[in-house]
Amino acid sequence: MPPLSQFGQPVADLEAIKALVKQHYPDQDLELLDRAYQTAHKCHKGQTRKSGDPYITHPLAVAYILAKLEQDLATVAGGLLHDVIEDSKMTCEDLQKKFGDDIAHLVNGVTKLGQFSYNSREEQQAESFRKMFLAMAKDLRVIIIKLADRLHNMQTLKYLSPQKQGDIAKETREIYAPLAHRMGMWTVKWELDDLAFMYLQPVDYQKIRTYVNDSRQNREHYVDELVEKIKQTLKDNKLEAEITGRPKHFFSIYQKMLNQELTFDQMYDLLAVRIIVKSLRDCYAALGVIHSAWKPLSGRFKDYIAMPKTNMYQSLHTAIIGPYGKPVEVQIRTHEMHKVAEYGIAAHWKYKSGNVKDSEYENKLAWIRQLVDWQKDTKDAKTFLDNLRIDLFEDEVFVFTPKGAVRPLPMNSTPVDFAYAIHSEIGNTCTGAKVNGVIVSLSHALKNGDIVEIITQKNAHPNIDWLNFVKTTNAKARIKSFYRKMQRDEHLHTGKTELVKALLACELKPEEVMTEKYFKVLLDRFKLADEETLYTFIAHGEISARSAAQIVKDYHEKLFPKTTEWVDQIITKLRSGKHKNALGIEIEGLQDIEAHLAKCCRPLPGDSILGFITMGHGVSIHRNDCVNVAQVSDELSRNRMVSARWLSPNKDSVYPVEVEIKGFDRVGLLNDILSKISQNKTNIREANVRTARDTGTVIANLVVDIHSAQHLGQLLASVRSVDDVLDAHRVLS
């Protein structure tokens, strides 16, 4: 059996939901809930859950949980409607017409991306989370609905197959429970943790449950005795307070026993008391009374009121030696702090008071916007999910700017992480740091309470080696982004330079033909958006500069025609019929001319090509951008060039092509690259790998067997998708 739910057993009763909403929002018109229920009931009519219950019981249970969390009318209605887009013919536009933009946005944000096609479950999972976080950045109620949805699904998980139980419980432990923690929604977090624990580690779960039940009577008797003594002590000091025992949950007990190698009997913080007082002043007064009456344990005091956690949690934590020499944990907080501690973001007044801006509140939730920022640069699904898990699980340290502003960072963060947390430009121009007035290395691990000052220089830039020690995903993403931008600028320069050279080789004046009119012809031919994309494709080797220049030349000659004489005599001699063209290439319209592929530029089916008439060896086929062809300058040699194009090359033929791959050096990078090449069914003939220590990059030159230019393009695109690969391109002659 699962642990007792804070939210009660799942219900299928609209009136119970309306009663809860009315309790917290007495002036609200509940007609919206009636309409939402009727729409959901109609959309889910005939649908059942794995338990055999009508499907409508699920959205009712989700709405009930949201009502228990004291959510506003729109959020509870969103809970009733959260599956209608995914599980019926209703669209987001339909919802907008019936319920307005607010509710439509909430439901759309929760909806999975099931209607699209993905290569793997991991990719679909990653894209669903991307969508959810984007919606969440605009309106945090999206994640509150999603957590309520996940909670009810976990409460009813027993009806699914063991495989699905394991998959959903694992995702809950790795993503949703930490997310509830980051949102400060403790009541949701502990129940998700305990339910996931029950399904993922049933033996350990039952052991802990048995331990807790066996010791419950003695423990509760002791806590009840201590609560009475604390009540009397506080009353004697004229302090009013609510005092209760604080439950310790199964998964947190298991984690602590495992991490600290404790037996159950050594778990002293199973004995815990919570004191709730009226005001902030009373918190510290109560702490003084408790420490005067009972001896505090050294090093156990934490002030989360003066320095709240990122999820807005505030409380005083201490540990004392209670009666009979037993250690007891004590938490002290106000009623408002208690509500935030239990319900987190779901308890915040923002959704009860309109859209009034609260700068402190917004700052505490800056991590959500950071999630959205770095996920835009993380295309690989596995990397995205791995980084998400790390970010959600990180413990925190609290450090200060010289002006006293506090910044929460993951444990063991460095001054570089701090610099990027302040502003990306400060991170990019960081050259040094002082911690508590003393100069430290940029890899120095920051501690709670440190005062950090960043030293910057105007023309400085990030060091690639910072990736070896920074802890935050934000810092890693900004550093990589800087180097990708720098690489992009290099590509633009390279592509433009190559195009200028090719235009000059075609006896064209770049300043005359590099104009909007000529570029439009190129962009239309290659189906590209802009000039920068063209330059990048040329730099990558996906479009040859010679081919682009030839298109410009052809267009130019249409505008300004001139005649050309061909070497008719040589072509006539080559028209023998004895030499079948086995390459599948048409040369000047003649099908039976002897032809061979030039070794200098290794043309591929799909490349733009031309023929060069040789003496006694037929026609040599070159890529249009071949250096040897570009260097031809005399009139006679130019007249020996003939038009050529691929017709029907042998699909089984392979052609050796050299590619160069550049990336950030890390463990496993080469293995990931080779895996992508293998997935593209490509053989490697030769390999040369070298590392540039000064820049922290690795360069691999590979000779691979390629069937066509399309095959090469697919291979390069696949390799570029590997995390930390900066560039992959064909090596031109």
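**Reading the rings and the sheet**

Q: At 14% relative accessibility, does Tyr304 count as buried or exposed?

A: The class follows from a cut-off: under 20% relative accessible area is buried. This is a predicted model, and Tyr304 in it has 14% relative accessibility, so Tyr304 counts as buried. Tyr313, at 12%, is likewise classed as buried.

Q: How many aromatic pairs does the count come to?

A: Rings pair if their centres lie within 6.5 Å. The count by this rule is eleven aromatic pairs. One is formed by Tyr304 and Tyr313: the ring centres are 6.0 Å apart and the planes stand at 70°, so this pair is edge-to-face.

Q: What kind of pair do the rings of Phe519 and Tyr535 make?

A: Planes over 60 degrees apart count as edge-to-face. For Phe519 and Tyr535 the planes are at 85° and the centres 6.2 Å apart, so the pair is edge-to-face. It links distant parts of the chain, with Phe519 in helix H23 (residues 516-526) and Tyr535 in helix H24 (residues 531-540), 16 residues apart. Phe519 has 5% relative accessibility and counts as buried; Tyr535 has 7% and counts as buried too.

Q: Which residues form one aromatic cluster?

A: The cluster is made of Phe197, Tyr205, Phe250, Phe251 and Tyr254.

Q: Where does the charged end of Lys326 sit?

A: The charged end of Lys326 is placed over the ring of Tyr222, at 5.1 Å from the ring centre.

Q: What is the order of the five strands in the open sheet?

A: The order is S1-S2-S5-S4-S3, and the pairing is mixed. Strand S1 (241-245) and strand S3 (302-303) are at the edges; each has a single partner strand, so one side of each lacks a neighbour in the sheet.

Q: How many bridges join strand S2 to strand S5?

A: Strand S2 (residues 272-277) and strand S5 (residues 327-334) run parallel and are joined by six bridges. For Arg274, the bridge partner in S5 is Gln331.

Q: Which strands does helix H14 touch?

A: Helix H14 (residues 280-293) packs on the sheet and touches S2, S3, S5 and strand S4 (316-321). The direction of H14 makes about 15° with that of S4.

Q: Where does helix H15 lie?

A: Helix H15 (residues 335-343) lies across S1, S2 and S5. The angle between the run of H15 and S5 is about 110°.

Note on methods
Residues numbered from 1 in each chain as written. Predicted model: local features only at pLDDT ≥ 70, side-chain atom pairs only at ≥ 80, totals over all residues. Heavy atoms only, no water. Pairing = 2+ DSSP bridges. Helix = DSSP H or I, 4+ residues; strand = E, 2+ residues; numbered from the N terminus. Contact = heavy atoms within 4.5 Å. Axes fitted to C-alpha atoms, helices over the stretch in contact; angles between N-to-C directions. Phe/Tyr/Trp six-rings, centres within 6.5 Å; stacked < 30°, edge-to-face > 60°. Buried < 20%, exposed > 50% of the residue type's maximum accessible area, 1.4 Å probe, protein only. Lys NZ or Arg CZ within 6 Å of the ring centre and 35° of its normal.
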